[in-house]
Amino acid sequence: MRSDSIPITICQERKKDPIEMFHSGQLVKICAPMVRYSKLAFRTLVRKYSCDLCYTPMIIAADFVRSVKARDSEFTTNQGDCPLIVQFAANDARLLSDAAQIVCPYASGIDINCGCPQRWAMAEGYGACLINKPELIQDMVKQVRNQVENPRFSVSIKIRIHDDLRRTVDLCQKAEAAGVSWVTVHGRTTEERHQPVHYDAIRMIKESVSIPVVANGDIRNLKEAENVWQMTGTDGVMVARGLLANPAMFAGYEETPLKCIWDWVDIALELGTPFMCFHQHLIYMMEKITSRQEKRVFNALSSTSAVLDYLTDNYGI
């Protein structure tokens, strides 16, 4: 775990903590946890463009607790990376609370991944299979609450919905009773991938609990974010692929501005982002502003210097 961060209590004096944000009455704009992508460099970029709260990629709590190597590779932060939520995949309350204690000085809270539908995660007892285990979720929330001394440290969950929404409402109410800080709802079932998001289900969940609820799923620009926020009555919206394609979307840009691309280059080089990650982010960002032929050339580039030369020659940056 690498960090030049100052303690979270000082961090929260500089910026509102997430709970305060959710009670402000304003739309809270959130960068989703994304494996390989929502790392420190990308979080730094989206914060420059009106993103209020960022999540780390999902980290397996058991590995994080047991391995120094896993901590160093999976969790990097710095003083400006605030407010920050660390998302864990877990199915054991003790291991999760140990992981939470490790990150507590560097983050505003943790999130339990109860929504990942990938087969490997569910086979290990992580992710979306947890929505069928409300008692385990309650136990994990309570254990973190009991072990972490900072009362402002949040414990949230990110879920998918059941076919029978009464089960999802029951899950959220049980999580609230256990002390969960907020719930993020991806408005699809575990089996659904590209089907329309059930925003009506998110609204029903919001109306059934007193804690903040965040809407997630198929939000591609600021106007859609505001529409979903109004439609669901939620306290915030979380975006994944929309931000990959346009890290400046929360600032109102319809497509990635050139300044944002140059900001990414500066941030990624400063933080030592590996080339494959550096390049892949640019491929996503430039999707809408490049022709098929330009994509073919750019996507085949194999070094940082080649990428910089291409951007200079073609975009004058």
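A salt bridge here is a side-chain nitrogen of Lys or Arg within 4 Å of a carboxyl oxygen of Asp or Glu. The model is predicted, and by this rule the count comes to 14 salt bridges.

**Stop 1**

Select D17 and R152. They form a salt bridge, with 3.1 Å between the closest N and O atoms. The pair joins distant parts of the chain: D17 is in the loop between α1 (8–14) and α2 (18–22), R152 is in the loop between α8 (134–147) and β8, and 135 residues separate them.

D17 has 6% and is buried, because the cut-off for buried is under 20%. R152, at 37%, is partly exposed, and E20 is partly exposed as well, at 40%.

**Stop 1: helix α13**

Move to α13 (258–270). The helix has 13 residues and reaches 18 Å from its first C-alpha to its last, close to the 18 Å expected at 1.5 Å a residue.

Select K259 and D263 in this helix. Their side chains meet in a salt bridge at 3.1 Å, N to O. The two residues are four apart in α13, so about one helical turn separates them. Which end of this pair is buried and which is exposed? K259 is exposed, with 54% relative accessibility, whereas D263 is buried, with 9%.

Next, show the buried residues of α13: C260, I261, D263, W264, V265, I267 and A268. To see what they pack against, display α3 (40–47), α14 and α16 (304–315).

**Stop 2**

Then select T273, in the loop between α13 and α14 (275–285). T273 counts as buried because its relative accessibility is 18%, and the cut-off is under 20%. What does T273 touch, leaving aside its neighbours within four places in sequence? Its contacts are A41, W264, A268 and F278. Of these, W264 and A268 are among the buried residues of α13 already on display.

**Stop 3: the largest pocket**

Finally, turn to the largest pocket, with a volume of about 1,100 Å³. To find it, centre the view on P33, M34, R160, A240 and R241, which lie nearest the pocket centre among the 34 residues of the lining.

Which elements give two or more residues to this lining? They are β8 (154–160), β11 (236–239) and α12 (241–245). Select α12 to see the element that gives the most, with four residues.

Colour the lining by residue class as a last step. The residues divide into 16 nonpolar, nine polar and nine charged. R160 and R241, from the group nearest the centre, belong to the charged class, because Arg counts as charged. P33, M34 and A240, also from that group, are nonpolar, because Pro, Met and Ala count as nonpolar.

Conventions
Residues numbered from 1 in each chain as written. Predicted model: local features only at pLDDT ≥ 70, side-chain atom pairs only at ≥ 80, totals over all residues. Heavy atoms only, no water. 1 Å grid on protein atoms, 1.4 Å probe; cavity = no way out; pocket = protein on both sides within 12 Å on 5 of 7 lines; lining within 4 Å. Points joined across faces, edges and corners; volume = space filled by probe spheres on them. Buried < 20%, exposed > 50% of the residue type's maximum accessible area, 1.4 Å probe, protein only. Contact = heavy atoms within 4.5 Å. Expected span 1.5 Å × (residues − 1).
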